[in-house]
Amino acid sequence: MEPQHSDKVATLPDLGLRLRRAADIPDVIGALYGQPGLLLRDTDLGPEFLNLRAGLLGELFQKFVNYQLPVAVVVPDPARYGERFVELAREHARHPLIRFVSDEAAGRAWLRGQL
């Protein structure tokens with residue numbers, strides 16, 4: 001019999017982690033091993049992740065893709081972070097592993113569909 005995934009979606013606070021700098025990425029990836037997915041709120045991210053010029057959000061997303069970890073990124077107002085951020089959210093509207101959503105309920109629903 002195959003192991004069943006819990007439908008409990010992890011959040012960074014649940015895992016006792018934060019994403020404030022690049023050095024935090026490996027800890028998050030390691031903590032997500034065996035988890036069905038991550039609900040990541042914009043408020044969980046340090047300012048450098050939200051500044052697309054820094055490249056940290058792209059680095060983080062690449063890790064999620066490499067390790068096949070579904071993540072719903074809750075950003076109620078992408079425009080708050082600039083026009084490029086709005087474009088990034090739009091580009092991920094159909095991404096198989098990374099989705100931008102407007103609220104936690106939508107993120108949890110999408111992640112449940114990934115199980």
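Which residue in β3 stands opposite L38? A few notes on this one, bearing in mind that it's a predicted model.

1. To take that question first: the β3 residue facing L38 is V71. The two strands involved, β2 (residues 38-41) and β3 (residues 71-74), run parallel and are held together by four bridges.

2. Stepping back to the whole sheet, we have four strands in an open arrangement, ordered β1-β2-β3-β4, and the pairing is parallel.

3. Now the helices. Helix α4, covering residues 56-66, packs on the sheet and touches β2, β3 and β4. If you want to check the orientation, its direction makes about 125 degrees with that of β4.

4. Helix α6 (residues 104-114) lies across β1, β2, β3 and β4. Relative to β2, helix α6 runs at about 155 degrees.

5. Have a look at T11 too, which belongs to strand β1. Is T11 buried or exposed? Its relative accessible area comes out at 2%, and the cut-off for buried is under 20%, so T11 counts as buried.

6. What does the T11 side chain do there? It makes a polar contact with the side chain of D14, at 3.0 Å. Setting aside neighbours within four places in sequence, T11 is in contact with L38, L39, R41 and R108. L38 is the residue from the opening question, the one opposite V71 in β3.

Definitions and conventions. Residues numbered from 1 in each chain as written. Predicted model: local features only at pLDDT ≥ 70, side-chain atom pairs only at ≥ 80, totals over all residues. Heavy atoms only, no water. Pairing = 2+ DSSP bridges. Contact = heavy atoms within 4.5 Å. Axes fitted to C-alpha atoms, helices over the stretch in contact; angles between N-to-C directions. Buried < 20%, exposed > 50% of the residue type's maximum accessible area, 1.4 Å probe, protein only. Polar contact = N/O pair within 3.5 Å; in protein donor to acceptor, adjacent residues only side chain to side chain.
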